[in-house]
Amino acid sequence: MPLNEPASRREIHHRTVDMRTFERDDGLYDVEARLIDQKPFPFLRESSPQPVPAGQSLHDLWVRVTVDEDLVVRSIEAASDVTPWKVCKESATALDALVGEKIARGWSFKVKEKLRGAAGCTHQMEMLITMATTALQGIRGIHPEQIRGLNAEGVPIKLDSCFAYGREREVVKMLWPSHHVTQG
């Protein structure tokens, strides 16, 4: 285990999120996510007089986002196998608000703006936010030239996109010395 030894504790919730990116035969890409929530003890929810047995899913949700090579969303599909309320399954249509949007800087804001609160399912919204990096990792993995690309101003796309690519970091000094700044 890479973390320090934890204090004495007991598990009270288990969330599993699995995300994958696929290259389709038609030139598009599918990014799929599945979220499963479980409790290690019987859990009583307001929607049912019977508790959910230990280890059974409280949520089991799927989302598929289809994008083109420019990362523009062409379609979104969602399925909810297990939800606390029957009406939760109707939230899938709210995701259509993201069709035509581009997965790029500002994606998280767009997703929250269109789906937050009663407009959509919180869990689907959370999945969509992190599906963006899954899309980028997948698609750029088969098109590595995009990683070293420049934006319209001639600045490396990756510059300041994360901790390692911060202008004051050694990685930037090595890859793009003209964009490196000395800290301090």
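Tutor: Helices (H or I, at least four residues) and strands (E, at least two) are DSSP runs, numbered from the N terminus. This is a predicted model, in which local features need pLDDT of at least 70, side-chain atom pairs count only at pLDDT 80 or more, and totals for chains, interfaces and linings use all residues. Residues are numbered from 1 along each chain as its sequence is written, and side-chain values use heavy atoms, with hydrogens and water left out.

Student: Which residues of α2 are called buried?

Tutor: They are His123, Gln124, Met125, Met127, Leu128, Met131, Ala132, Thr134, Ala135, Ile139 and Arg140. The word buried means under 20% relative accessible area, exposed means over 50%, and partly exposed lies in between (1.4 Å probe, protein chains only).

Student: Why is Met125 called buried?

Tutor: Its relative accessible area is 12%, so Met125 falls under the 20% limit and is buried. Beyond its neighbours within four places in sequence, Met125 is in contact with Val111, Lys112, Leu115 and Arg116. The C-alpha atoms of Met125 and Val63 are separated by 9.8 Å, although these residues are 62 residues apart along the chain.

Student: How do you know whether Arg20 is buried, partly exposed or exposed?

Tutor: Arg20, in strand β1, has a relative accessible area of 48%, and is therefore partly exposed, between the 20% and 50% limits. Apart from neighbours within four places in sequence, Arg20 is in contact with Asp30, Val31, Glu32 and Thr134.

Student: Where is the kink in α2 centred?

Tutor: The kink, of about 30 degrees, is centred on Thr130. The bend at a residue is the angle between axes fitted to the seven residues ending there and the seven starting there.

Student: How much space lies in the largest pocket?

Tutor: About 870 Å³ lies in the largest pocket. Of the 29 residues that line this pocket, the closest to its centre are Ala104, Arg105, Leu136, Arg140 and Ile157. The elements giving two or more residues to the lining are α1 (107-115) and α2 (122-142), and α2 gives the most, with 7 residues. On a 1 Å grid over the protein atoms alone, a cavity is a set of points where a 1.4 Å probe fits but cannot get out, whereas a pocket is an open set with protein on both sides within 12 Å along at least five of seven lines; lining residues have an atom within 4 Å of a point. Grid points are joined across faces, edges and corners, and a volume is the space filled by probe spheres set on the points.

Notes:
Contact = heavy atoms within 4.5 Å.
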